[in-house]
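The stops below proceed from confidence to cores and then to cavities.

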Amino acid sequence: MKRIVTLIAFVQFAYFGWAQQAQLAPQYSMYMLNRYAFNPAYAGLDNSLSITGVYRKQWAGLEGSPTTQNINMHLPLYYLRGGFGIGLENESLGAEQNTTASVSYNYWLPVNKTSLLSIGVGAGIVQKSIDGTKLRAPDGVYEPGAFNHNDDFIPLTKETAQAPTVNVGVYFQSPKFDVGLSANNLLGSSFAIEANETVNIGLVQNYFFIFAGAFDIGQNLVLHPSVFAKSDTRQTQAEISAILKYNGNIFGGVSFRGYNSDAIDAFSFIGGFKLSEKITLAYSYDRTLSGLDAVSNGSHEILINYNLNKSIGAGIPPKVIFNPRFL
């Protein structure tokens with residue numbers, strides 16, 4: 001029953017065909033540790049080779065709930081006055097699976113001796129799969145030896161389609177605060193899912209904004225507050241976070257997602273530490289605050305980052321670059 005409830009959303013918008021996809025980008029509670037994942041202008045701003053992997057299970061216990069994996073790598077290209085990055089993201093949601101592979105380049109513009117503005121662009125391919133064997137229609141026939149949705153817009157098997165995507169972003173970095181603004185799916189590409197009738201599913205643009213700070217509050221304590229918002233202009237989700245870092249290698253904090261009584265989603269607990277000089281491990285648990293709390297056990301997210309922590313390649317790092325690496 002849970003599977004049918006989870007998947008019915010796809011059935012509904014498929015009936016209206018030729019409509020755009022009305023969903024936000026995948027959710028990450030530890031967005032502050034993985035900024036390149038949503039802004040191509042961040043590439044290289046860790047000042048060395050940086051590789052991040054994330055696994056997230058949202059609404060654990062609810063069959064068909066989102067499961068997301070993200071891995072990306074980026075590094076500075078000092079001789080080109082910018083950075084380069086590549087990313088791979090996969091999300092499974094009920095009968096739907098979305099996989100995105102992309103590359104990016106960004107250019108740095110010094111603002112003063114300690115700050116810079118980065119402008120980035122990324123491009124890639126999005127693959128969308130719909131597994132018709134996991135869907136059920138009200139008038140369908142699902143008996144041993146008989147499987148038919150009796151609906152021309154719902155595929156009987158797994159159907160896959162690809163479409164190009166373009167992302168852009170700007171990112172301002174300074175010793176005390178960062179500000180970033182980005183957008184993805186600028187082409188508004190669509191996927192042609194083949195059933196008895198073709199259903200065109202379009203990607204809508206998603207917009208992201210981040211503001212993050214760093215404040216010394218003691219000899220070994222640094223407070224990192226941040227605000228993050230994402231929107232497709234019809235739906236907007238915002239969250240505010242506060243992370244406290246001790247002695248440069250242990251950190252913990254909380255995050256609240258939602259901006260009014262209708263949008264309250266979750267309260268997150270975040271913690272992590274450096275396994276070594278180059279490797280950071282972090283975990284977050286989301287306590288669901290919406291009505292989904294009745295059918296889920298919260299959300300879990302694990303992140304690991306490897307940072308080479310030394311200059312690579314040719315060229316001399318610009319004096320302007322300050323590295324306020326978040327954690």
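What pLDDT does the protein chain average? The average is 87, and 87% of the residues score at least 70; pLDDT is the predictor's confidence in each residue, from 0 to 100. Next, select residues 1-22, where the pLDDT is below 50. Beyond near neighbours in sequence, this stretch has 47 contacts in the model (contact: heavy atoms within 4.5 Å).

This is a predicted model, in which local features need pLDDT of at least 70 and side-chain atom pairs count only at pLDDT 80 or more, while totals for chains, interfaces and linings use all residues. Residues are numbered from 1 along each chain as its sequence is written, and side-chain values use heavy atoms, with hydrogens and water left out.

Now select Met 30 and Leu 33, which touch the most other members of the largest nonpolar core, a set of 25 residues. A nonpolar core joins buried (under 20% relative accessible area, 1.4 Å probe, protein chains only) Ala, Val, Leu, Ile, Met, Phe, Trp, Tyr and Cys residues through side-chain atoms within 4.5 Å. Apart from it lies another core of 13 residues, including Ala 137, Ile 154, Phe 191 and Ile 193.

Proceed to the cavities: three have 30 Å³ or more. A cavity is a set of points on a 1 Å grid over the protein atoms alone where a 1.4 Å probe fits but cannot get out; lining residues have an atom within 4 Å of a point. Select Pro 26, Ala 37, Glu 89, Thr 100 and Asn 184, the closest to its centre of the 40 lining residues.

How values were computed: Buried means under 20% relative accessible area, exposed over 50%, partly exposed in between (1.4 Å probe, protein chains only). On a 1 Å grid over the protein atoms alone, a cavity is a set of points where a 1.4 Å probe fits but cannot get out, and a pocket is an open set with protein on both sides within 12 Å along at least five of seven lines; lining residues have an atom within 4 Å of a point. Grid points are joined across faces, edges and corners, and a volume is the space filled by probe spheres set on the points.
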